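Try each one yourself before you read the solution.

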Amino acid sequence: MADIDYSELEELTLNMEDENGVVTECELQFVFEYEDKDYGAFCEVDSDTGEFYFFVMNGKTNWKGEPELEIEPVEDEELLEQLVVVLQQIIDEEMNEDDEDDEPELEDDEDDSVWDEFIHKKLEE
């Protein structure tokens, strides 16, 4: 990863213009490393299509200690396919983490009380 903190770029947006002159505003959703390069996955603002645009993120700190960022679109189709797979894995992992966070955890006392109840039932038999 680069020597800048990408979390500072949470609200990074960029405008993309297609061949017809239509401008689309996109915002940064994910930054991840793949094969020793940093990539950003951008998604259209106000769109539910789930379509991502991938860019190489070249972040570095200048001589003043300020972050500088160069963004280049990924145009290699094979690489784009690989990045889609990597991004899907990242999204799946995040969803699994969220599911685990939603599960109620038993307090130690609650867990012990279940075992105590089980042991007392067995002793009474």
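**Exercise 1.** Decide whether Asp5 is buried, partly exposed or exposed.

*Solution.* Keep in mind that you're working with a predicted model. Start with the number: Asp5 has a relative accessible area of 41%. Now the cut-offs: buried means under 20%, exposed means over 50%, and partly exposed is in between. So Asp5 is partly exposed.

**Exercise 2.** Classify the aromatic pair of Phe30 and Phe52, and work out which strands it ties together.

*Solution.* The whole structure has 4 aromatic pairs. In this one, the rings of Phe30 and Phe52 are 6.1 Å apart, centre to centre, with 55 degrees between the planes. Stacked needs under 30 degrees and edge-to-face over 60, so the pair counts as tilted. Phe30 lies in strand S2 (residues 23-34) and Phe52 in strand S4 (residues 52-61), so the pair ties together parts 22 residues apart in sequence. As for cover, Phe30 is buried at 17%, while Phe52 is partly exposed at 24%.

**Exercise 3.** Do the classification again for Phe32 and Phe54.

*Solution.* The centres are 6.4 Å apart and the planes make 85 degrees, which is edge-to-face. Phe32 is in strand S2 and Phe54 in strand S4, so this pair also ties together parts 22 residues apart in sequence. Both residues are buried.

Key:
Residues numbered from 1 in each chain as written. Predicted model: local features only at pLDDT ≥ 70, side-chain atom pairs only at ≥ 80, totals over all residues. Heavy atoms only, no water. Buried < 20%, exposed > 50% of the residue type's maximum accessible area, 1.4 Å probe, protein only. Phe/Tyr/Trp six-rings, centres within 6.5 Å; stacked < 30°, edge-to-face > 60°. Helix = DSSP H or I, 4+ residues; strand = E, 2+ residues; numbered from the N terminus.
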